Amino acid sequence: MSPTSVPARSRHWLWPPMLLLGVVTAMLAWLFIALLSGRQAGWMAVLAALDIAFMLRLGTFRAGPARVVVTLLVTLLVALAANWGIASAYLGGSMGLNPWDSSLRMGPFMAWTLIGLANGAAEWLWLGVALVIGWWVAK
């Protein structure tokens with residue numbers, strides 16, 4: 001076997017931990033920036049989409065429609081989780097709960113209402129831009 005030959009075992013198992021790392025870092029960064037700035041920080045959706053697409057690429061997820069779909073779905077998931085965390089932090093803070101306890105007690109109807117009230121047209125536009133950029137980078 002020559003020193004430059006490729007091993008028979010491929011490294012396609014790296015993408016799940018890389019994706020998990022990308023999701024956690026993007027969500028926590030979005031949550032911290034939004035809470036520190038006092039705004040929703042919708043522009044973080046673009047950074048989350050880039051982070052997820054690059055993590056999938058680094059984790060050797062093969063290019064194609066599957067990587068694009070995973071990038072777009074996970075970007076939407078990160079946006080939902082970050083907005084849920086922002087809403088629960090603001091709501092829980094006024095009731096004396098930490099964000100984790102508040103997020104576990106907040107139901108989907110209340111979360112949807114608070115997210116709808118907090119996000120304006122600019123945040124939805126940033127999410128649309130993030131999906132287009134995520135699609136472009138992931139393909």
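Predicted model: local features only at pLDDT ≥ 70, side-chain atom pairs only at ≥ 80, totals over all residues.

Residues are numbered from 1 along each chain as its sequence is written, and side-chain values use heavy atoms, with hydrogens and water left out.

The largest pocket has a volume of about 240 Å³. A pocket here is an open set of points on a 1 Å grid over the protein atoms alone, where a 1.4 Å probe fits, with protein on both sides within 12 Å along at least five of seven lines; lining residues have an atom within 4 Å of a point. The volume is the space filled by probe spheres set on the points, which are joined across faces, edges and corners. Among the lining residues are Met-27, Leu-31, Trp-84 and Trp-100. Helices α1 (15-37), α3 (65-95) and α4 (99-105) each give two or more residues; helices are DSSP runs of H or I, at least four residues, numbered from the N terminus.

The second largest pocket holds about 190 Å³. Of its 14 lining residues, Ala-79, Asn-83, Asn-119, Trp-124 and Leu-127 are the closest to its centre. The largest share, 4 residues, comes from α3.

Now the rings. There is 1 aromatic pair, counted when centres of Phe, Tyr or Trp rings (six-membered for Trp) lie within 6.5 Å. The ring centres of Trp-15 and Phe-61 are 4.7 Å apart and the planes are at 90°, so the pair is edge-to-face (over 60 degrees; under 30 is stacked, the rest tilted). Trp-15 is in α1 and Phe-61 in the loop between α2 (44-58) and α3, so the pair ties together parts 46 residues apart in sequence.
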